[in-house]
Amino acid sequence: MEEKIKQEFYILGSFEYAADAQIIKSKLESEGIPVFLRDENILNTYTMIGSATGGVRVSVYSADKEPALKIYNEIRPYALDDSGAPIVCPNCKANRSEAYYSRKSLLHKLFPFLEEKKYKCTNCGMITKPR
């Protein structure tokens, strides 16, 4: 009997728009890293429920995690305020924050756009509210 080999995946990020995920995918594949997009077809077909599914998730094999993260961190989009300036973390002063939704309640899981927007620093992990 053949032994099944289990491949584990690492999710690099989740994107509200499939086009953003495709850009990341293209860059990683150009560097020789296989990429898998989860829920891309759902988002393209049913745009209104895309946020309820968590957006398009960009995944790589766990073995490719470190090189993929290095490339992704160089090109990933970070949050900007209303004037177009990067959101600065009040804790570590890095300008590497992303929009963050906790989606703790059923209502927010189904309709995340109803949840108050917050930002999570990718450098130190602190979660803050916009000013």
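I take buried as under 20% relative accessible area, exposed as over 50% and partly exposed as in between, with a 1.4 Å probe and protein chains only. Helices (H or I, at least four residues) and strands (E, at least two) are DSSP runs, numbered from the N terminus.

A note on the source. I am working with a predicted model, where local features need pLDDT of at least 70 and side-chain atom pairs count only at pLDDT 80 or more, while totals for chains, interfaces and linings use all residues. Residues are numbered from 1 along each chain as its sequence is written, and side-chain values use heavy atoms, with hydrogens and water left out.

**Entry 1: strand β2.** I looked at which way the side chains of β2 point. Opposite Phe36 I found Ser59 of β3.

**Entry 2: the aromatic rings.** I looked up ring pairs, counting rings of Phe, Tyr and Trp (its six-membered ring) with centres within 6.5 Å; planes under 30 degrees apart are stacked, over 60 edge-to-face and the rest tilted. The structure holds four such aromatic pairs. In one of them, the ring centres of Phe9 and Phe36 are 5.2 Å apart with planes at 80°, so I logged the pair as edge-to-face. Phe9 sits in strand β1 (residues 9-15) and Phe36 in strand β2 (residues 35-38), so this pair ties together parts that are 27 residues apart in sequence. Phe9 is partly exposed at 45% relative accessible area, and Phe36 is partly exposed too, at 33%.

Phe9 also pairs with Tyr61, and this pair is stacked, at 5.3 Å centre to centre and 20° between the planes. Tyr61 belongs to strand β3 (residues 56-61) and Phe9 to β1, so the pair links parts that are 52 residues apart in sequence. Tyr61 is partly exposed, at 24% relative accessibility. I note Phe9, Phe36 and Tyr61 as one aromatic cluster.

**Entry 3: Glu40.** What surrounds Glu40, leaving out residues up to four places away in sequence? I found that Glu40 touches Ala18, Gln22 and Val56 (contact means heavy atoms within 4.5 Å). Glu40 lies in helix α2 (residues 40-45).

Definitions and conventions: Pairing = 2+ DSSP bridges.
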